[in-house]
Amino acid sequence: MSSLKKLLLGEQGLVVIFALAFVIVSLTVPNFLTERNMLGLLQSVVTIGIVACTMMFCLASRDFDLSVGSTVAFSGMVAVMASNATGSIILGLLAALVCGGVVGLVNGVVIARFRINALITTLATMQIVRGLALIASDGRAVGINDPAFYQLALSKFFGVPTPIWIMAALFIVFGFVLNRTVFGKNTLAIGGNPEASRLAGVNVITMRIWIFALQGLVCAIAGVLLASRITSGQPNAATGLELSVISACVLGGVSLAGGRAAMTGVIVGVLIMGIAENVMNLLNIQAFYQYVVRGLILLIAVLLDNLRSTAVGRRG
Amino acid sequence: MTDFLQFNGISKGYPGVQALSDISFSVRKGAVHGLMGENGAGKSTLIRLLSGDQSADAGEIRIDGQPQHYCSVRDAFQAGVIVIHQELQLVPELSVAENLWLGRFPGKGGVINSRTLIETVRQKLAEIGIDVDPSTKVGQLSIGERQMVEIAKAVMLDARVIALDEPTSSLSSRESEILFALIAKLKAKGTIILYVSHRLDEIFRLCDSLTVLRDGKLAAHHPDIGQVTRDQIISEMVGREISNIWGYKPREAGAVRLKVRDLSGSKLPVPISFDVRAGEILGFFGLIGAGRSEMTRLVYGADSRRSGTVEVDGVKVAPDSPPQSIRSGMVLCPEDRKHDGIVQGRSIEENIAISSRRHFSPFGILSPRKEADLADTFIARLKVRTPSRKQDIINLSGGNQQKVILGRWLSEQGVKLLIIDEPTRGIDVGAKSEIYEILYDLAAGGMAIVVISSELPEVMGITDRIMVMCQGRVAADIPRTEFDERRILAAALPDTSPVAAAQS
């Protein structure tokens, strides 16, 4: 009993639970463990997975970003409109990255430099940016002129679609940044104790601005891929994305109080969200029920996390 | 005279540590009982068991002959045992009266009878001689007053045993006096006070009996404190004789390293100027609120300057930027370790390397091997007591946390000036000597050191020169040859030096 408890509440508890769930689902749900379904599953989590990379940094430094969904839609929109206008996909992509980066930068400067609460700031930018996307397109979807744009999402390497490769690459890059760079360690230190980190020579303001700017850039990448997949710029795309991303991070053991995060955890969190949705689709469960299930998964994850930290606390 | 509170064979272990083994002693009714020991000796664990926060692996606590089997803080309350921790447990947004009634508000059907609320508290406070208005918000009280309120809460709950954990560590001497008077009153009522402190003079003044713990074991139990001497207690605590805990060694002072001119800020309106030389240990002494910590934070750039310049080795230091200060060779060990010093939730290794890792992390990419070596080096050099460098810093005792923060700065390159605010607050005698030793070594190596302390014996014991601060000004600048306790105290007290204040 106690060894089971240890296994579930230990460092790798989430991975163990994930592996168990995966095995059970593979055995019981028909058509789950097929190459086609696996690729579909991964493709469905690309947006959440990519944005979760930087959301992890945001949460780990005790910040919060609600504007990611709007930024994804807005930068996708910009990519489509700019490439239609200039006839160059490259320029369209660059424009999207710049726009995403600017949104993030504005968030960061307002939050870190002017010390406005992150929740309020990003709640405001979430609406402003969504508004900009709607204004730019007059509220309608904007079709892609150049079919080459579709290739971003459709192309494959070794049988795996490009967006999945990009997501995997970002997982590796940000995993490395978190664990093996000064940037990552400083992020965790800020989340652990912002004032002590500042006095220890960490440039807290600059760090926080960078984290938000990165978040904006990464949202732009996700936005471009999403636009390519849905073959148009949609001003209403990715609504509610911020909640799914934050759920995935929390599910992956990232502490909302800051100071604790792991890339593997976030990946598992993202996959759990994806699998739950996928399985419910395969079992033909009505979409309305899926909200309930997603909410329940999040609650259970947080409860588990709570149990885990009390277990850790007792050890100290 | 019966033994009212008894500890019988108490043992408690945590993974990797036996925090307490077979502790037995007893306390008479109406006694103030001292509990001493170095950090990590097991005092906190014992207090935690008494408070019901944790339960013992073996042994029992008896109150009035009755074995207690409580397993929560609430149960302990019911048994009449209340522990008052260093971090006070009051809600700042609520009034004094509301805090005292919290959890059992008087009234019917959820509607609070505010008159009963205020009046009962007013009565209780008057009874025990605490001069605080029950309708004041706790957030507006001083730390000393808050502590009084905590004690009043214990009295309201009819506590039979009150344990005070380092109660005077953040009190001024005047506030401490009020606390001591209150303790005397409680004692007269027959309440047992368990008094945990590092301060020998307080122990001798207040306590009737004393228990000394060392390494989780009972080192000594003195039913009558009149029969023991200071030196005896110190040697019982450390297990060896310490003749002179200061161990001061004279040094040659070199060229001026730190030059501060006309420095002022919002919390330090009167400009301050001073120099510190290489190899010199300069002490800043003053009462709480005299502006010492505000001054150091300005020098270091932790707060914004209003005016003035700071130079290290003749080079001006950019204002308002701790990273720039560190690059200029100036480092700070802050007063409030928990809030400003340690990064909770992260390992010792990361806490040491947080600043210096930039020297061996090309393009911001870490070298885990070098970081581990660095941590091991300083853990060994500063004798940090820990099972591993991966240990979360929050699990260390105060002295060891202080050593880790020292390690953080000693691992930096080109440190010329070390500012250390309250170097040994909450740190036991043995670790104190070790920290002083480190400071002397650094000064001998040519570093300039600024020590801020509110303990006069400490400043007099270890510094070469003392600047006394009073109400935000420098009231006196005294070299070691002229150290005189009365002169320093007189300069630090606002009322006694009206002439000096008028002159400056």
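The paragraphs below take these topics in turn.

This is a predicted model, in which local features need pLDDT of at least 70 and side-chain atom pairs count only at pLDDT 80 or more, while totals for chains, interfaces and linings use all residues. Residues are numbered from 1 along each chain as its sequence is written, and chains are lettered from A and ligands numbered from 1 in the order in which they are written.

An unreviewed UniProt entry lists several spans of chain A as "transmembrane region", among them 209–231 and 243–276; such annotations may be inferred rather than shown by experiment. Residues 209–231 of chain A are 91% helix and 0% strand, with end C-alpha atoms 33 Å apart. Residues 243–276 of chain A are 68% helix and 0% strand, and here the end C-alpha atoms lie 16 Å apart. Helices are DSSP runs of H or I with at least four residues, and strands are runs of E with at least two, numbered from the N terminus.

Helix α4 (residues 46–60) and helix α9 (residues 162–180) of chain A pack at about 20°, their axes 9 Å apart. Axes are lines fitted to C-alpha atoms over the stretch in contact, and angles run from 0 to 180 degrees between N-to-C directions. The angle therefore makes α4(A) roughly parallel to α9(A) (under 35 degrees). From α4(A), A:Val46, A:Gly49, A:Ile50 and A:Cys53 meet residues of α9(A) including A:Met167 and A:Phe171; contact means C-beta atoms, placed from the backbone, within 7 Å.

Between chains, 22 residues of chain A are in contact with 28 residues of chain B. On the chain A side, α10(A) gives the most, with six residues.

How values were computed. Two residues are in contact if their C-beta atoms, placed from the backbone, lie within 7 Å. Angles under 35 degrees count as roughly parallel, over 145 as roughly antiparallel, 65 to 115 as roughly perpendicular and the rest as oblique.
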